[in-house]
Amino acid sequence: MTQPLDALRAECAALSAAMFTVTADDWTRPTGCPPWDVAGLLGHVDVILAWLPGMLGTTGPSPGAGGNRSRARDADAAPPLPEDGGGAPGKSREGVSAVGYYRADERFSVATSAKRIELGQGRVGSAGIDALPAVFERTWRQVVRLCEHEPEDRVVVTRHGDSMLLSDFLATRVVEVGVHGLDLAAALDRDAWLTPAASELLVGLFGPDLVAGRDDLTFIRTATGRLPLATGELPGPNWPFLG
């Protein structure tokens, strides 16, 4: 299976290339993720990647210490715009899987979703629409550069309090960049640019035994709620991802 960092690098590069070709009028097109328009949705994708430098700069709380919830404050403020920086290695601990990250809990509550929307739109305001593609380019390249130097057993703590292997968290970033890339392509009336590396990783996460004869794009759109389940079909674990 494709390594998450390789898939993230490829998918971010594809999304970045597409965003540099968006015209001024197209930034305000509505998307399938209301109330975000194209600019707001790209702002959201930038935010979800921009958490990583801060996460890599700290070690997570020890198991059972009750410290995970201290990270909840991260949900109330956007991460900073990208700049050069590094991260300190953390210690290995068992934690939440990439699939488990999408479990239904307070992270998908009305309040958390409202904050998520606000942060995405706020990123557009702070960066400016014209600069948004360049900001995203800097963000993902910084994230990839930092992650390239991390050990395989690196553990991070998410803003939701999850302790995860960095590789598993990066897989969730591939979900976000890849699936929202499909949303952006649809909003712009373009063919999907989902890369083979991201497609392979997403199918593997969503349940390759559940593909049931569908092509990868159809399966991914179904697993994420972009297309309906087949008649009588039961959803896979934590479907719909990003519903």
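Modeller: Asp189 is exposed, with 64% relative accessible area. Exposed means over 50%, buried under 20% and partly exposed in between (1.4 Å probe, protein chains only). This is a predicted model: local features need pLDDT of at least 70, side-chain atom pairs count only at pLDDT 80 or more, and totals for chains, interfaces and linings use all residues. Residues are numbered from 1 along each chain as its sequence is written, and side-chain values use heavy atoms, leaving out hydrogens and water.

Asp189 sits in the loop between H5 and H6. Helices (H or I, at least four residues) and strands (E, at least two) are DSSP runs, numbered from the N terminus. The phi of Asp189 is positive, near 60°, in a residue other than glycine.

Next comes H6 itself. Of its 11 residues, 8 are buried, so H6 is largely enclosed by the rest of the structure. The buried residues are Ala197, Ala198, Ser199, Leu201, Leu202, Val203, Leu205 and Phe206. Their cover includes H1, H5 and H7. Contact here means heavy atoms within 4.5 Å.

Setting aside neighbours within four places in sequence, Phe206 contacts Val175, Phe219, Ile220, Ala223, Thr224, Trp239 and Phe241. Phe206 and Leu202 also belong to the largest nonpolar core, which has 69 residues. Along with Leu15, Met19 and Leu49, they touch the most other members. Such a core is a set of buried Ala, Val, Leu, Ile, Met, Phe, Trp, Tyr and Cys residues joined through side-chain atoms within 4.5 Å. H1, H2, H3, H4, H5, H6 (196–206) and H7 (216–223) each give two or more residues to the core.

Past the helix, the backbone stays worth checking. Gly207 follows H6 and has a positive phi, near 120°. Ala212 lies in the loop between H6 and H7. Its phi is also positive, near 55°, in a residue other than glycine. At 67% relative accessibility, Ala212 counts as exposed.

Now the whole chain. It has 7 helices and 2 strands. From the N terminus on, they run α-α-α-α-β-β-α-α-α. Of the 243 residues, 52% count as buried. Among contacts with a separation of 6 or more, residues 24 or more positions apart account for 73%.

One more backbone point lies elsewhere. A cis peptide bond joins Pro34 and Pro35, with omega about 10°. Pro35 is in the loop between H1 and H2.
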